[in-house]
Amino acid sequence: MQRAIQAIGSHGSVLKSAVLKHISVAKPSMLPAVFPRFMSVSSAQIEESGFESGTVADILKSKGKSADGSWLWCTTDDTVYDAVKSMTQHNVGALVVVKPGQDKSIAGIVTERDYLRKIIVQGRSSKSTKVGDIMTEENKLITVKPETRVLQAMQLMTEKRIRHIPVIDGTGMVGMVSIGDIVRAVVSEHKEELNRLNAYIQGGY
């Protein structure tokens, strides 16, 4: 996954350069018809409307509330065993942790990595250890907003070496995205741009 992220970051610059190169040789009169999204040939506007236009909100929208695991949670009083069992059953790598009786009051996040590092490696019992004892607490959470750009989120997750990140707006948590969600979104966006460029080169527009 790390190699995929690095490759995307590397090839992203190459792809954008290719777009700029081909647009620069096109006749100005052709640009609105060929690239209706780009009303100027400036690299700043191409970057704004092209490869880096996707947001975290777009990812949440494409995933949907019922299938993405964003709304799966446990409480600080649950055992680590029950939390890991829930992750396994729902095929997710992290759970939002809330305070008992306060479903909307986020206390932190617990991940598979927490389980490995703080239970398995330390030889502790998952059935006698509470989630609150191993979770990443709310004041230490790294979060993004719905309007955060996808590539910005990817850079943040790569730098902080995290695989899951909560999405927070003014009212509270609205979802959670994984590094896998981020990579798929970037690959999809790059693929769409390449298809448009290829169609232009082949006269498909």
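Mentor: Let's go from the overall fold to the cores and then the charged pairs.

Mentor: This is a predicted model, so to speak of local features we need pLDDT of at least 70, side-chain atom pairs count only at pLDDT 80 or more, and totals for chains, interfaces and linings use all residues. Residues are numbered from 1 along each chain as its sequence is written, and side-chain values use heavy atoms, with hydrogens and water left out.

Trainee: How many helices and strands does the protein chain have?

Mentor: Eight helices and six strands. These are DSSP runs: helices are H or I with at least four residues, strands are E with at least two, numbered from the N terminus. The order is α-α-α-α-β-α-β-β-α-β-α-β-β-α.

Trainee: What share of the residues is buried?

Mentor: 40% of the 205 residues. Buried means under 20% relative accessible area, exposed over 50%, partly exposed in between, with a 1.4 Å probe and protein chains only.

Trainee: Now the cores. Which residues have the most contacts inside the largest nonpolar core?

Mentor: V177 and I182, in a core of 16 residues. Such a core is a set of buried Ala, Val, Leu, Ile, Met, Phe, Trp, Tyr and Cys residues joined through side-chain atoms within 4.5 Å. Helix α8 (179-201) is one of the elements that give two or more residues to this core. The largest share, five residues, comes from α8.

Trainee: And what does V177 touch?

Mentor: Its partners include V56, I59, L60, M157 and I182, leaving aside residues up to four places away in sequence. Contact means heavy atoms within 4.5 Å.

Trainee: What about S178, buried or exposed?

Mentor: S178 is buried, at 16% relative accessibility. S178 sits in strand β6 (residues 172-178). Among its contacts are M157 and R163.

Trainee: Switching to charges. How many salt bridges are there in the whole structure?

Mentor: Three. The rule is a side-chain nitrogen of Lys or Arg within 4 Å of a carboxyl oxygen of Asp or Glu. One of them joins R163 and E112 at 3.4 Å, N to O.

Trainee: Where do R163 and E112 lie?

Mentor: R163 is in the loop between α7 and β5, and E112 is in helix α6 (residues 112-120), so the pair ties together parts 51 residues apart in sequence.

Trainee: And R184?

Mentor: R184 meets D181 at 2.8 Å, N to O. They are three residues apart in helix α8, so about one helical turn separates them. R184 is exposed at 54% relative accessibility, whereas D181 is buried at 9%.
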